[in-house]
Amino acid sequence: MLSFRLCVSILLATILAAAVLAEAGAGSPTVPRCAAPAGGWRASNGAQVTRAREAKLVVLVDRYRRTNGLQAAKRGRPGRGAVLVAPSRCSPASTMRAWRASPRVRRVLLSRGLVVRFVRLAAPVERPPLPPPPPPPVGPPPTVVGVPYTCTGPVDNVRVVGTGTADTALVNLAAGCTGTISLDVTVTAPGGGDGVKVQNGAHDLTVGPSSITCQPGLSDKEHQDGVQVQGGTNVTFKGLVVSCPSSPGAAAFYIDGKDFPGISNVTCDGCDLRHMVMGALFTAPAPGSGVRNSHIHQGTTTSAYYEIVGSGAINENNTLEPRD
């Protein structure tokens with residue numbers, strides 16, 4: 001059984017809320033009615049509102065909220081009275097104009113034991129978008145040189161670019177050449193010559209990503225390879241693309257250990273090798289040298305993909321591509 005004090009509080013609540021509602025005006029019929037919470041209305045101190053008064057309180061609270069576009073506030077502070085808690089689904093999305101216009105309705109005091117407070121819907125906080133991550137650091141641009149080109153010393157991010165011809169090779173990686181270099185060269189005809197020659201004394205050199213293109217027009221008496229290795233130690237071509245489909249010669253990537261001793265650890269890694277005769281040719285001795293992780297194309301005028309003469313060649317994880 002409810003205490004006499006709570007019954008009086010509810011009765012006063014009805015009277016005072018009705019007075020407030022009369023000032024605020026009737027509610028909008030377009031706003032859906034808010035059902036009573038499951039289990040009935042309770043004050044935050046746990047006191048149960050009797051069902052005899054519950055419907056009346058719900059009607060009063062609904063009408064007031066619909067009129068002013070408000071929702072229920074948080075629970076009251078200890079010792080400051082209880083708060084009538086309403087489910088959030090009861091709150092229409094509206095403004096506080098009617099609330100601010102009438103100081104008398106800022107707090108509806110039903111009694112010392114039961115207080116109903118309302119707050120406006122909080123507007124979503126618009127946060128500025130996060131700035132994009134900074135771009136990765138960009139190294140210095142390569143030093144671009146033309147053709148014909150001969151490397152005889154240390155290089156650092158040098159890029160050889162150009163179109164032309166030479167008696168032996170458009171690019172020579174000669175004794176003393178070491179560091180990093182890349183190529184984008186086209187060998188013209190007639191005249192020809194190899195795209196690149198690696199010579200004795202080149203060492204600890206990384207070449208790539210690079211492109212060597214051979215133009216058609218050489219006679220059958222001429223000899224043209226994409227790369228001919230005649231020497232070198234610890235030289236790696238990475239991502240080299242050789243396109244010489246009409247070039248008479250040996251191969252797109254030719255390690256010539258039988259004629260040039262001293263070749264060691266010269267490899268083509270991640271390359272794409274296309275030539276009229278075959279993609280790759282290895283002749284021993286050239287320890288630690290060969291082709292890996294590459295696409296080796298069938299010769300455009302032969303059935304050969306590659307040839308290994310002697311032992312010690314690297315031939316790892318390569319893909320054989322039939323001619324078109």
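This is a predicted model: local features need pLDDT of at least 70, side-chain atom pairs count only at pLDDT 80 or more; totals for chains, interfaces and linings use all residues.
Me: What does the side chain of D225 reach, then?
Reply: The backbone nitrogen of A251, at 3.3 Å. The D225 side chain also has a polar contact of 3.0 Å with the side chain of H223. A polar contact is a pair of N or O atoms within 3.5 Å; within protein, one must be able to donate a hydrogen and the other to accept it, and residues adjacent in sequence count only if both atoms are side-chain atoms.

Me: Where does D225 lie?
Reply: In the loop between β13 (210-214) and β14 (227-229). Strands (E, at least two residues) and helices (H or I, at least four) are DSSP runs, numbered from the N terminus. K221 has its place in that loop between β13 and β14 too, and K221 is exposed at 84%.

Me: Which residue does K197 meet in a salt bridge?
Reply: D194, at 2.6 Å, N to O. D194 is buried at 2%, and K197 is buried at 9%. D194 is also among the residues in contact with D225 (heavy atoms within 4.5 Å).

Me: How many salt bridges does the count come to?
Reply: The count is 4. One joins E316 and R292, with the closest N and O atoms 3.1 Å apart. E316 is in strand β24 (residues 314-316) and R292 in strand β21 (residues 290-292), so this pair ties together parts that are 24 residues apart in sequence.

Me: Which residues are linked in a network of salt bridges?
Reply: D256, K258 and D259. The closest N and O atoms of K258 and D259 are 2.6 Å apart. D259 is partly exposed at 44%, whereas D256 is buried at 2%. The D256 side chain also reaches the backbone nitrogen of D259 at 3.5 Å.

Me: New topic. How many aromatic pairs does the structure hold?
Reply: It holds 1. F237 and F253 have ring centres 5.7 Å apart and planes at 80°, so the pair is edge-to-face. F237 is in strand β15 (residues 233-238) and F253 in strand β17 (residues 253-256), 16 residues apart. Rings of Phe, Tyr and Trp (its six-membered ring) pair if their centres lie within 6.5 Å; planes under 30 degrees apart count as stacked, over 60 as edge-to-face, and the rest as tilted.

Me: Is F237 buried or exposed?
Reply: Buried, at 0%. F253 is buried as well, at 1%.

Me: How many bridges join β12 to β15?
Reply: There are 4, and these strands run parallel. DSSP must find at least two bridges for strands to pair. T206 stands opposite T236 in β15, and T180 stands opposite T206 in β12.

Terms used
Residues are numbered from 1 along each chain as its sequence is written. Side-chain values use heavy atoms; hydrogens and water are left out. Buried means under 20% relative accessible area, exposed over 50%, partly exposed in between (1.4 Å probe, protein chains only). A salt bridge is a side-chain nitrogen of Lys or Arg within 4 Å of a carboxyl oxygen of Asp or Glu. Lists of a residue's contacts leave out its neighbours within four places in sequence.
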